[in-house]
Amino acid sequence: MESSNERFIELNRLAEAGDAVRIEKQHKAGKLTARERIAILLDKGTFVEIDKFVIHQCHNFDLDKQQLAGDGIVGGYGKIDGRLVYVYAYDFTVFGGSLSRTNANKIIKLQKLALKMGAPIIALNDSGGARIQEGVSSLAGYGDIFYQNTIASGVIPQISVILGPCAGGACYSPALTDFIFMVKDHSHMFVTGPEVVKTVTHEEVDKEELGGASVHNSTSGVAHFLGENEEDTLMMVRELLAFLPSNNMDDAPRAPYSSNMEPSSIDLDNFIPTDSSKPYDMKELIESVVDGGYFFEIQENFAPNILVGFARIEGKVVGIVANQPAFQAGVLDIDTSDKAARFIRFCDCFSIPIVSFVDVPGFLPGCTQEHGGIIRHGAKIVYAYVEATVPKITVITRKAYGGAYIVMSSKHTGADVNFAYPNAEIAVMGQEGAVNILYKKVSDEEKTKARKEYEEKFSNPYRAAELGYIDEIILPSQTREKLIQALDMTHTKIRANPAKKHGNIPL
């Protein structure tokens with residue numbers, strides 16, 4: 001007679017083994033299984049599974065004759081670099097990874113545990129969507145997951161990894177989380193699929209063109225990271241978490257610092273072109289002042305005229321926001337506004353200091369931008385910077401014109417320390433535009449004289465420094481030293497906004 005221990009061991013083996021035929025099909029599609037993904041993501045041997053034997057309770061369409069342990073979700077907790085995290089993975093080999101009321105409850109249990117314990121939660125998505133046989137019960141499961149996503153927002157980091165299909169209402173859980181990872185050629189997200197699009201709008205479009213990883217990383221801005229394959233993508237998740245605190249009450253992990261982590265030396269004093277119309281790569285400047293020259297960029301392929309990401313300065317994590325003169329002169333537009341504002345607010349949620357590098361000629365002009373709501377979108381950056389109570393340090397490297405100067409973490413929007421290089425130009429606009437407005441009807445000779453006068457008065461940082469809007473004019477080669485001093489000075493910053501339920505950010 002089989003003992004209870006033997007029965008448990010056999011049931012446990014079957015639950016973990018899964019259906020060999022469907023697993024093979026998953027592998028042939030170029031995808032890993034849920035358990036394989038978790039094994040790669042977490043530190044070896046740390047995964048503890050919860051609700052392994054849960055089964056669905058649906059009797060419609062003879063579904064009660066197909067009950068599999070776990071019901072299409074593998075979830076639990078483990079460690080990444082020795083730190084507690086919660087994780088759940090949709091198992092596409094079980095009912096196509098569809099969401100049932102039962103496995104929604106599994107996810108919600110993990111979400112609540114993560115919130116109680118103050119640990120990040122990671123979702124590995126590979127699902128056909130709501131389980132049709134369960135009707136509104138499965139839809140209710142999504143709603144309850146969204147609710148927990150929203151309650152946990154700003155309290156614990158929430159990360160979504162799209163490793164297959166993610167369609168319909170299922171998209172909104174990832175959209176409510178902090179960061180979305182996708183895999184080239186294998187990940188797809190869309191609210192309505194190609195067939196529905198064809199029926200309603202008569203557009204012929206395939207799933208890659210409609211909602212593939214490249215589309216969401218470069219065009220829509222829905223996703224933040226693009227991996228070449230699943231292993232690469234899961235390693236990127238681990239790397240991101242190394243910069244993040246476990247919750248909003250913890251500090252971000254501080255890395256041990258030594259002199260061999262100094263950035264590579266470049267001649268910063270001669271790096272920025274004297275001609276303000278000539279581009280340069282702001283990323284090179286950033287890499288020359290942060291530890292090890294390493295900048296972990298976020299949304300690299302979306303709105304490249306602004307850079308956002310994490311780095312360390314003497315081991316301390318900072319969030320970096322920087323205009324990118326190498327792309328469209330670093331101009332602000334609708335997409336850059338959304339990208340920067342979201343990142344600024346994330347840093348503020350988790351007490352990560354913000355360092356801003358400014359070289360901005362203004363906002364992108366034109367009907368497309370104005371009709372698309374650049375006023376509303378641009379206001380998001382203002383709102384995000386003003387609302388943020390973390391240390392805010394700004395370096396004006398060259399141009400800072402008009403409203404864009406104010407928006408980009410100026411003294412007026414609450415920056416704690418504002419530096420400018422000697423070649424900085426802080427003015428309402430560039431000399432050409434200003435002279436054309438102020439001296440419309442004068443001769444070319446008089447315009448040339450006016451340009452020279454304007455340049456002497458405004459194409460420098462000294463007027464702003466005289467008014468106290470710039471705290472210190474520094475040589476580019478002093479940037480790292482000055483950032484270290486400023487971060488050290490501001491690390492005890494205490495500031496609270498007025499008591500309120502929440503503000504009304506322009507969305």
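Strand 2 (residues 73–80) is mostly covered, with 6 of its 8 residues buried, where buried means under 20% relative accessible area, exposed means over 50%, and partly exposed lies in between, as judged with a 1.4 Å probe on protein chains only. The strands named here (E, at least two residues) and the helices (H or I, at least four residues) are DSSP runs, numbered from the N terminus. The structure is a predicted model, in which local features need pLDDT of at least 70 and side-chain atom pairs count only at pLDDT 80 or more, whereas totals for chains, interfaces and linings use all residues. Residues are numbered from 1 along each chain as its sequence is written, and side-chain values use heavy atoms, with hydrogens and water left out.

Two strands are said to pair if DSSP finds at least two bridges between them. Strand 2 is joined to strand 1 by 3 bridges, and these two strands run antiparallel. Within this pairing, Val-48 stands opposite Tyr-77, and Ile-50 has Gly-75 of strand 2 as its bridge partner. Strand 2 is also joined to strand 3 by 8 bridges, again in the antiparallel sense, and here Tyr-77 has Tyr-86 of strand 3 as its bridge partner. The hairpin formed by strand 2 and strand 3 has 2 residues between the strands, and in this hairpin Asp-81 takes a positive phi near 50 degrees.

These strands belong to an open sheet of 7 strands with mixed pairing, in the order 1-2-3-4-5-7-9. Its edge strands, each of which pairs on one side only, are strand 1 (48–50) and strand 9 (225–227). From one strand to the next, the twist averages 20 degrees. Helix 3 (residues 34–41) lies across strand 1, strand 2, strand 3 (83–90) and strand 4 (121–125), and runs at about 160 degrees to strand 3; for such angles, which run from 0 to 180 degrees between N-to-C directions, the axes are lines fitted to C-alpha atoms, for helices over the stretch in contact.

Further along the sheet order, strand 5 (residues 158–162) is mostly covered, as 5 of its 5 residues are buried. Both of its faces are covered, with Gln-158, Ser-160 and Ile-162 buried on one side and Ile-159 and Val-161 buried on the other. Strand 5 pairs with strand 4 in the parallel sense over 5 bridges, and Ile-122 stands opposite Ile-159 in this part of the sheet. Strand 5 also pairs in the parallel sense with strand 7 (residues 179–183), over 4 bridges, and the bridge partner of Ile-162 in strand 7 is Met-182.

A pair of aromatic rings is described by the distance of the centres and the angle of the planes. Rings of Phe, Tyr and Trp (its six-membered ring) pair if their centres lie within 6.5 Å, and planes under 30 degrees apart count as stacked, over 60 as edge-to-face and the rest as tilted. By this rule the count comes to 14 aromatic pairs. In one of them, the rings of Phe-181 and Phe-225 have centres 4.4 Å apart and planes at 15 degrees, so the pair is stacked. Because Phe-181 lies in strand 7 and Phe-225 in strand 9, this pair ties together parts that are 44 residues apart in sequence. Both Phe-181 and Phe-225 are buried, and ring pairs link them into a cluster whose members include Phe-179, Phe-243, Tyr-294 and Phe-296.

Asp-291 lies in the loop between helix 11 (282–287) and strand 10 (296–298), and this residue is buried, with a relative accessible area of 5%. A polar contact (a pair of N or O atoms within 3.5 Å; within protein, one must be able to donate a hydrogen and the other to accept it, and residues adjacent in sequence count only if both atoms are side-chain atoms) of 3.0 Å joins the side chains of Asp-291 and Arg-480. A polar atom of the Asp-291 side chain also lies 2.8 Å from the backbone nitrogen of Glu-314. With neighbours within four places in sequence left aside, the residues in contact with Asp-291 include Tyr-257, Met-261 and Arg-312, contact being defined as heavy atoms within 4.5 Å.
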